Amino acid sequence: MALTDPKIKQAKPKDKNYKLSDGRGLFLLVTKSGAKYWRLKYRFLGKEKLLSIGVYPAVTLKQARKACDVAKDQLEQGIDPSQAKKAKKVELAIAQANNFEAIALEWHKQQSAKWSEGYTAKVLRALERDLFPYIGTLPLDQISPPQLLAVFKRIESRGATESAHRVKQITGQVYRYAVATGRAQRDITPDLKGALATHQTKHFPAITEPEKVGKLLCLIDGYEGTSTVRAAMKLAPLVFVRPKELRHAEWPEIDFDKAEWRIPAEKMKMGVDHIVPLSRQAIEILEEQRLLTGHWNGYVFPSARSPRRPMSDNAILSAFRTMGISKDEMTGHGFRAMARTLLDEVLGERVELIEHQLAHAVKDSLGRAYNRTTHLPQRKEMMQRWADYLDQLRVTALSGNVVIGQFGKLGQ
């Protein structure tokens with residue numbers, strides 16, 4: 001007789017395993033431990049075989065009979081149900097290994113070798129927060145452009161337009177990695193061009209007019225706060241590195257003999273070593289600062305609370321506020337825009353030298369990325385001209401006579 005749910009529930013373990021038949025080869029194996037397993041006995045190519053269907057009650061009687069029907073249909077088509085089940089497991093395993101999350105993490109691990117620690121963590125947070133919960137389990141070729149757009153729109157809906165575009169860019173990089181490794185047919189993110197709200201780039205406030213720059217330098221010279229913050233502010237326009245790179249400068253990175261500051265890759269946004277040529281003026285500032293903090297052999301600009309920590313990221317901003325400079329006029333990052341504008345528009349320096357010194361991605365005519373020592377002699381000369389020009393702006397501001405372009409080059 002066919003099995004019923006009450007009969008299955010009432011089946012008790014015995015000294016030996018035993019079977020309860022449901023018909024057509026389907027039976028329930030009751031073990032002496034009390035576990036109950038669904039099995040299907042069938043013949044394929046003259047051989048008797050067993051198909052494991054599942055464990056009761058996770059697999060109900062109704063589900064077991066449905067699985068039996070599927071197996072019988074496969075047999076009629078000349079398919080071995082056991083082999084079909086194994087193939088399905090392999091297919092699922094491959095799909096799991098090739099879902100968006102798995103490929104994205106693989107791409108992230110590969111890329112992190114050339115990224116800074118902070119940027120690596122930032123990208124991972126974006127993946128885990130904005131992508132994995134919605135498309136992480138899906139194979140890339142099963143994700144449609146509308147599905148992807150819904151993910152980006154969700155980010156956009158919280159007012160994070162810039163983040164939506166950044167996550168879209170990350171997604172495109174994951175897709176291109178999947179295409180290159182044979183796990184996706186194409187990158188679908190270009191299909192969404194124009195579908196997101198246009199992001200209005202907000203530039204860091206910066207003082208770029210020569211007359212105002214001179215006045216700013218005079219204000220910095222007269223800053224009455226801590227000597228370490230004043231030294232950092234005096235050095236910032238001379239080296240125009242990112243604020244975090246300035247705050248995390250360490251004495252072993254400073255080579256006074258070569259007049260160079262060598263910033264290791266792990267501290268750089270792009271994850272590449274960077275060399276900052278130091279002008280005579282920059283060396284003078286560092287020599288004075290070395291008398292204060294050099295004996296620790298740690299941070300050049302340590303925190304006021306502990307030499308084991310770098311200066312606060314708010315220190316320079318607070319100093320600006322103290323000097324009466326609003327956040328809409330100037331930030332620590334603004335020294336980069338200041339240098340980029342005046343080196344180009346006033347001093348007439350070569351753009352590729354400026355961009356390279358800003359640690360931006362610069363490539364040669366063949367599309368190859370320059371290394372850290374490229375054009376170093378020329379960059380050293382440029383940095384000295386820049387320091388001399390800032391001195392002239394400072395002197396001019398004190399005298400009240402504005403002189404623009406006195407140090408500009410006429411060609412090179």
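This is a predicted model: local features need pLDDT of at least 70, side-chain atom pairs count only at pLDDT 80 or more; totals for chains, interfaces and linings use all residues.
Select Arg-24, in the loop between β1 (18–23) and β2 (26–30). Most residues other than glycine have a negative phi. The phi of Arg-24 is positive, near 60°.

Next, show the side chains of Trp-38 and Tyr-56. Trp-38 belongs to strand β3 (residues 36–44) and Tyr-56 to strand β4 (residues 47–56). The structure holds six aromatic pairs. In the pair formed by Trp-38 and Tyr-56, the ring centres are 6.4 Å apart and the planes stand at 75°, so the arrangement is edge-to-face. The pair links distant parts of the chain, its two residues being 18 residues apart.

Most peptide bonds are trans. The bond from Tyr-56 to Pro-57 is cis, with omega near 10°. Pro-57 itself sits in the loop between β4 and α2 (61–76).

**Helix α7 and two partners**

Two packed helices are described by the angle between their axes and the distance between the axes.

Select helix α6 (residues 145–157) together with helix α7 (residues 161–180). The crossing of α6 over α7 is right-handed. To see the contact, show Leu-148, Phe-152, Ile-155 and Glu-156 on the α6 side. On the α7 side, show Thr-161, Ser-163, Ala-164, Val-167, Lys-168, Thr-171 and Tyr-175. By class, the contact of α6 with α7 has six nonpolar, three polar and two charged residues.

How far apart are the axes of α4 and α7, and at what angle do the helices pack? The axes lie 9 Å apart, and the angle is about 95°. The two helices are therefore roughly perpendicular to each other. From α4, pick Phe-100, Ile-103, Ala-104, Glu-106, Trp-107 and Gln-110. They meet Ile-170, Thr-171, Gln-173, Val-174, Tyr-175, Tyr-177 and Ala-178 of α7. This contact of α4 with α7 has nine nonpolar, three polar and one charged residues.

Thr-171 and Tyr-175 of α7 are listed in the contact with α6 and also in the contact with α4.

**Helices α8 and α13**

Select helix α8 (residues 210–221) and helix α13 (residues 334–345), which pack at an angle of about 140° with axes 12 Å apart. α8 and α13 are therefore oblique to each other. Here α8 passes α13 in a left-handed crossing. Show Pro-210, Val-213, Leu-216 and Ile-220 of α8, which make the contact with Phe-335, Met-338 and Leu-342 of α13. The residues of this contact divide into seven nonpolar, no polar and no charged.

Conventions. Residues are numbered from 1 along each chain as its sequence is written. Side-chain values use heavy atoms; hydrogens and water are left out. A crossing is left-handed if the near helix is turned anticlockwise from the far one by less than a right angle, and right-handed if clockwise. Helices (H or I, at least four residues) and strands (E, at least two) are DSSP runs, numbered from the N terminus. Contact means heavy atoms within 4.5 Å. Ala, Val, Leu, Ile, Met, Phe, Trp, Tyr, Cys and Pro count as nonpolar, Asp, Glu, Lys and Arg as charged, and the others, Gly among them, as polar. Rings of Phe, Tyr and Trp (its six-membered ring) pair if their centres lie within 6.5 Å; planes under 30 degrees apart count as stacked, over 60 as edge-to-face and the rest as tilted. Axes are lines fitted to C-alpha atoms, for helices over the stretch in contact, and angles run from 0 to 180 degrees between N-to-C directions. Angles under 35 degrees count as roughly parallel, over 145 as roughly antiparallel, 65 to 115 as roughly perpendicular and the rest as oblique.
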